[in-house]
Amino acid sequence: MAAFIAKQMMGNQLKAVQGSMGGGESSETDKEKEEEAERERLEALAEQEERRKEKHRKMEEERELMRQGIRDKYKIEKKVEPEESFEPAMPDNPLMRKKKTPEELAAEAEAADQDEFTKLKNTIETQISEVKQQIEEKFHVISGGKCVLQ
């Protein structure tokens, strides 16, 4: 693969030198050859990428088998990670992801603030209920509305 790419690069450099020296004009066959070479190069790149992905997939399978062997040996349970289906899948190229608008960023910040407020509210409510329970333990409430100290 690398030899093919190097050959293509050398051919392109040679054509550039010939073109700058005024020698040989491009004809239809030269353009067709260039297009065919470009298609071949792209196919070779795609094939190389496919082989790389397959290699990594096999390596990951081997690693998982090794991990499972260790789990079995030491009687460790595999952690089950919950699938996050509510998040949209990220594109393969992180540079191509959709950027968030200022409105979306503001909405996220507001939601985070609300979460903190809700947490604070819940802690206060639990503290109040604990204090109420302690008071009820110290005083015995009679149905007539009078409290008697125990």
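Arg67 has a relative accessible area of 33%, so Arg67 is partly exposed. Partly exposed covers the range between buried, under 20% relative accessible area, and exposed, over 50% (1.4 Å probe, protein chains only). The model is predicted: local features need pLDDT of at least 70, side-chain atom pairs count only at pLDDT 80 or more, and totals for chains, interfaces and linings use all residues. Residues are numbered from 1 along each chain as its sequence is written, and side-chain values use heavy atoms, with hydrogens and water left out.

What does Arg67 pair with in a salt bridge? The partner is Glu64, and the closest N and O atoms are 3.0 Å apart. A salt bridge here is a side-chain nitrogen of Lys or Arg within 4 Å of a carboxyl oxygen of Asp or Glu. Glu64 is partly exposed, because its relative accessible area is 25%. Both residues lie in helix α2. They sit three residues apart, about one turn of the helix. Helices are DSSP runs (H or I, at least four residues), numbered from the N terminus. The pair also belongs to one network, in which salt bridges that share partners join Glu60, Arg63, Glu64, Arg67, Arg71 and Lys78.

Why can such pairs form? Side chains of opposite charge can pair when their charged atoms come close.

Next, Arg57 and Glu54. Their side chains form a salt bridge, with the closest N and O atoms 2.3 Å apart. The two are three residues apart in helix α2, so about one helical turn separates them. Arg57 has 38% relative accessible area and is therefore partly exposed. Glu54, at 32%, counts as partly exposed.

Glu49 and Arg52 make another salt bridge, at 2.6 Å from N to O. Helix α2 holds both residues, three residues apart, about one turn of the helix. Glu49 has 33% relative accessibility, so it counts as partly exposed. Arg52 has 40% and is partly exposed. By this rule the count comes to 12 salt bridges.

Now the nonpolar side. Met66, Ile70, Tyr74 and Ile76 make a nonpolar surface patch of about 450 Å². Patches are made of residues with over 30% relative accessible area and no salt bridge; like charges are joined within 9 Å, nonpolar side chains (Val, Leu, Ile, Met, Phe, Trp, Tyr) within 5 Å. Accessible areas come from the Shrake-Rupley method with a 1.4 Å probe, and for residues only the protein chains shown count as cover. Ile70 lies in helix α2, residues 28–74. Its relative accessibility is 44%, so Ile70 counts as partly exposed.
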